[in-house]
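Okay, thanks for coming, everyone.

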Amino acid sequence: MNFTNYKINKMVDQGSLKKLNRSYYENANYTGDFNDFVFVSAYIPKGVICLMSAASYYGLTTVRPIVVDMAIPNKGKVSTLPEWPEINLYYFGEVRYSEGVVKKFHEGDQFMIYEIEKTVVDIISYREKIGIEETKEILKNYLDKKERNINLLLRYAKVLKCESVLRKYLEVLL
């Protein structure tokens, strides 16, 4: 908003702003809806919403995660994490991190999230950690969507080296 450093520091001293990290501040007087994804993106600007949080965003699961799953590059560093919401950090390699990132907007703010097909492939890759039943539910719900893109799903699976596992799941579910 083009405030000077002096004005920003004065607002922090007055309690109307809360410093999150070097670049981001929270408006302490804000009374609107909070979006967890926008909030955690202020703490982790290079973070991408992933796995169960992304699956929940796309309506692929009935499970409402109590933590926000966020991917960062393998060599990424996070200086400060909020007390709430809790964040699960996933360190992704270059290819897994950079593939399928899209920007979403919420009331003028933005956050990064993996597109739906990339999310499904990541869930399959992390099926042991997430759970087989949850993985099956997410894939089944994706396949039930009218706007699904199986070719893109298979392309991500090939790039992320889990194509054979995805094909086995597809054989069972289709």
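Quick definition before we start: a charge sits over a ring if NZ of Lys or CZ of Arg is within 6 Å of the ring centre and within 35 degrees of the ring normal. Arg-96 does that with Phe-92, lying over its face at 5.8 Å from the ring centre. Lys-118 lies over the face of Tyr-114, at 3.7 Å from the ring centre.

Some housekeeping. This is a predicted model, where local features need pLDDT of at least 70 and side-chain atom pairs count only at pLDDT 80 or more, while totals for chains, interfaces and linings use all residues. Residues are numbered from 1 along each chain as its sequence is written, and side-chain values use heavy atoms, with hydrogens and water left out.

Now, ring on ring. Rings of Phe, Tyr and Trp (its six-membered ring) pair if their centres lie within 6.5 Å; planes under 30 degrees apart are stacked, over 60 edge-to-face, and the rest tilted. The structure has eight such pairs. One of them is Tyr-90 with Tyr-126, edge-to-face at 5.7 Å centre to centre and 85 degrees between the planes. Those two are 36 residues apart, with Tyr-90 in strand 5 and Tyr-126 in the loop between helix 5 and helix 6. (Helices are DSSP runs of H or I, at least four residues, and strands are runs of E, at least two, numbered from the N terminus.)

There's also one aromatic cluster made of Phe-37, Tyr-57, Tyr-58 and Phe-111.
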